[in-house]
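These are my notebook entries on a structure that I looked through element by element. I record what I looked up and what I found.

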Amino acid sequence: MARTLLGASIFGATLLAIMVRPYRIPEAAAAAVGALAMMAAGIVAPADAVGVLAGQLNVYGFFLGLMTISAIADQAGVFTALAGGAGRWAGGSSRRLLVGTFAIGTVITAFLSNDATALILTPAVFALVTRLRLPVLPYMFACTFIADTASFLLPVSNPINILIQDGLGGGLLPFLRYLLLPALLCIGLNLGAFLYLFRADLRQGYLLADLPSTEPSHRPYLRATLAVLGIIAVAFVLATSLGVPVAWVALGGAAGLLVLSAVHRRLGWGRLRREISWSLFVFISGMFLVVRGVENLGLTRSFGTALVDLAGRSPLRASLLTAGGSALGANLINNVPMALVMVSALRSIGTTPSSHQGLIYAAMFGCDLGPNLTTVGSLATMLWLLILRRKGLEVSSVQYFKLGIALVPVMLLLGGVLIWLRS
Amino acid sequence: MNILCAVGIRGGGELVRRVLEVTGPDHDLHLLHVTDAGPRHALEHLLHGPRHRPPPPPGRDPSLPTGPERRITEAEERATAAILDEARREAERAGFRCHLHAASGRPEQLVVARAEELGCQLAVIRASEGGAGTPRLGPASVGHTARFVLDHAPCDVLLVRSR
């Protein structure tokens with residue numbers, strides 16, 4: 001009993017530190033201290049810890065490969081070129097440019113995952129829109145929102161999906177069966193809501209002459225990089241449908257791009273090293289061990305059993321609660337620990353009845369969509385506050401704000417119902 | 001007379017023509033464009049915030065932007081030049097003595113501060129930068145920048161409405 005209390009306290013304190021970040025402690029440090037505490041308390045044995053971390057090589061490889069691919073693609077000017085392409089396609093209409101931004105955001109998220117869109121496409125679009133003398137906020141919002149809304153199009157669209165599928169099994173087909181429809185619906189809803197919300201800002205046109213042009217000397221390298229990215233995208237789809245670990249594709253693709261950039265003499269090791277977030281590996285490793293601790297104590301099993309009881313009585317309510325609860329947890333704390341807790345809980349109950357399988361995808365859906373309100377969401381919230389300040393106390397701005405906050409719950413509700421219908 | 005004319009991202013030429021209608025040409029016209037730094041701060045919070053991208057390494061001059069920051073700075077400079085150029089051409093055609101100013105920060109505060117620094121007798125501001133959806137009259141027709149300037153400017157203010 002004392003041991004359970006101690007483990008639960010370590011878990012709670014770690015999550016609290018990640019959420020509140022007292023003294024601006026990095027999340028990675030909080031997770032690492034939590035993991036060491038779990039081991040010091042004897043809740044996670046050293047051999048167990050090694051086993052847990054060794055079992056996650058696919059996740060590590062996927063993260064590393066993906067970050068490398070995104071960084072090299074950025075250095076090759078892929079994101080800037082895509083934003084410019086959207087600008088040419090839109091032909092001077094700011095409304096069409098928003099649609100184009102959603103389209104490239106969706107494709108980049110689908111194949112290179114959400115962070116590529118949130119962290120690399122956003123500045124590229126920001127620069128383009130500033131240059132075209134259009135209001136930047138609608139486009140910034142579009143990028144940050146679509147990064148999470150398109151996160152459940154494919155298993156590789158968000159590392160959280162890989163984390164959950166590695167823990168609970170599943171492949172491309174069950175993924176698409178449960179999540180393709182919710183994904184398309186949420187993307188459409190998101191786009192429609194933005195076109196409506198920002199309709200007053202989207203009436204101006206822009207001059208095509210203001211669009212940037214790629215320097216001719218860059219073009220061969222840019223084209224070759226795009227071609228390799230296309231191959232990587234196809235390989236991701238094949239790997240997930242054949243059950244090949246996606247880390248191989250991510251690392252192989254990264255290696256291919258490294259060779260390509262070396263051949264074109266564009267490889268900057270120092271810059272590449274800085275673009276990769278090494279602390280992320282410490283953070284996820286720490287979280288693996290902390291969650292393993294509460295799993296060893298049987299806490300996630302009780303959570304899972306409670307969920308099954310609920311699912312037995314009302315599958316729809318279970319689906320909605322799982323999606324909503326995961327989203328809330330991903331929002332308040334972080335989607336990595338939330339996903340790990342859900343994996344552990346759902347694994348303990350087994351996934352044989354199809355209603356349980358629906359719960360896996362409901363959890364994934366919630367964890368992917370949730371951060372729209374805080375992690376990227378902390379940015380979204382900041383932006384909404386900015387809009388409020390800019391608009392003064394006008395009534396329309398309060399409605400603006402409310403609609404933004406209302407968008408995610410509506411998407412969660414629709415997605416939860418759709419996943420339940422498929423179970 | 002020293003006139004400060006705050007030029008938004010669009011419509012600088014039209015704004016100068018409206019000033020001409022009211023004041024006539026024989027004045028010093030200070031054309032000021034302020035780049036709103038708010039959205040960019042939010043973007044930098046995202047890039048260097050808890051979500052992953054580390055800040056530029058120490059030892060490097062932080063005032064020298066690299067990567068995406070450099071591209072955004074270039075785009076801002078280019079847009080500012082185009083905005084001021086458009087207004088300047090109209091002002092010179094009208095016969096004003098023309099002075100150009102660019103700044104980055106909170107537009108409402110910088111407009112007021114510059115009006116004071118330059119000893120202007122008149123500050124010109126558009127009622128709202130909003131698109132066609134903004135109402136022509138009523139409280140919502142005056143945006144927050146214009147309202148702040150009306151409240152705080154040390155001189156007379158000419159509020160230009162969209163026609």
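**Entry 1**

I worked throughout with a predicted model, in which local features need pLDDT of at least 70, side-chain atom pairs count only at pLDDT 80 or more, and totals for chains, interfaces and linings use all residues. Residues are numbered from 1 along each chain as its sequence is written, while chains are lettered from A and ligands numbered from 1 in the order in which they are written.

Helices (H or I, at least four residues) and strands (E, at least two) are taken as DSSP runs, numbered from the N terminus. Strands count as paired if DSSP finds at least two bridges between them. I then checked both neighbours of strand 4 of chain B. Strand 1 of chain B pairs with strand 4 of chain B in the parallel sense, over three bridges. Strand 5 (residues 156–160) of chain B also runs parallel to strand 4 of chain B, and five bridges join them.

Next I looked up burial. I call a residue buried if 20 or more other C-beta atoms lie within 10 Å of its own, exposed if 12 or fewer, and partly exposed in between, with C-beta atoms placed from the backbone. Five of the five residues of strand 4 of chain B are buried, so this strand is largely enclosed by the rest of the structure. Leu122(B), Val124(B) and Arg126(B) point one way, Ala123(B) and Ile125(B) the other way, and all are buried. In a regular strand the side chains alternate between the two faces of the sheet.

**Entry 2: helix 4 of chain B and the wider chain**

Which residues of helix 4 (residues 107–117) of chain B are buried? I noted Pro107(B), Glu108(B), Leu110(B), Val111(B), Val112(B) and Ala115(B). Their cover includes strand 1 (2–6), strand 2 (28–36), strand 3 (97–105), strand 4 (122–126) and helix 5 (144–152) of chain B. Just after this helix, Gly119(B) takes a positive phi of about 60°.

For chain B as a whole I recorded five helices and five strands, in the order β-α-β-α-α-β-α-β-α-β from the N terminus on. Of its 163 residues, 38% are buried.

**Entry 3: the nonpolar core**

A nonpolar core is here a set of buried Ala, Val, Leu, Ile, Met, Phe, Trp, Tyr and Cys residues joined through C-beta atoms within 7 Å. The largest has 174 residues, and Ala339(A), Cys5(B), Val111(B) and Val124(B) have the most contacts inside it. Helix 7 (residues 114–131) of chain A gives the most to this core, namely eleven residues. Domain 1 (1–19 + 26–43 + 278–423) and domain 2 (61–209 + 217–276) of chain A each supply at least three residues to this core; the domain bounds come from an automatic or database domain assignment.

I then followed Cys5(B), counting a contact if two C-beta atoms, placed from the backbone, lie within 7 Å. Leaving out residues up to four places away in sequence, Cys5(B) touches Leu15(B), Val16(B), Val19(B), Leu29(B), His30(B), Leu31(B), Leu32(B) and Val124(B).

**Entry 4: chain A**

Chain A has 20 helices and zero strands, and 53% of its 423 residues are buried. Of its contacts with a separation of 6 or more, 82% are between residues 24 or more positions apart.

Ser113(A) is not a glycine, yet has a positive phi of about 80°. Ser113(A) sits in the loop between helix 6 (94–112) and helix 7 of chain A, and is buried, with 29 other C-beta atoms within 10 Å. Arg133(A), also a residue other than glycine, has a phi near 55°. Arg133(A) is in the loop between helix 7 and helix 8 (137–149) of chain A, and counts as buried because it has 20 C-beta neighbours inside 10 Å.
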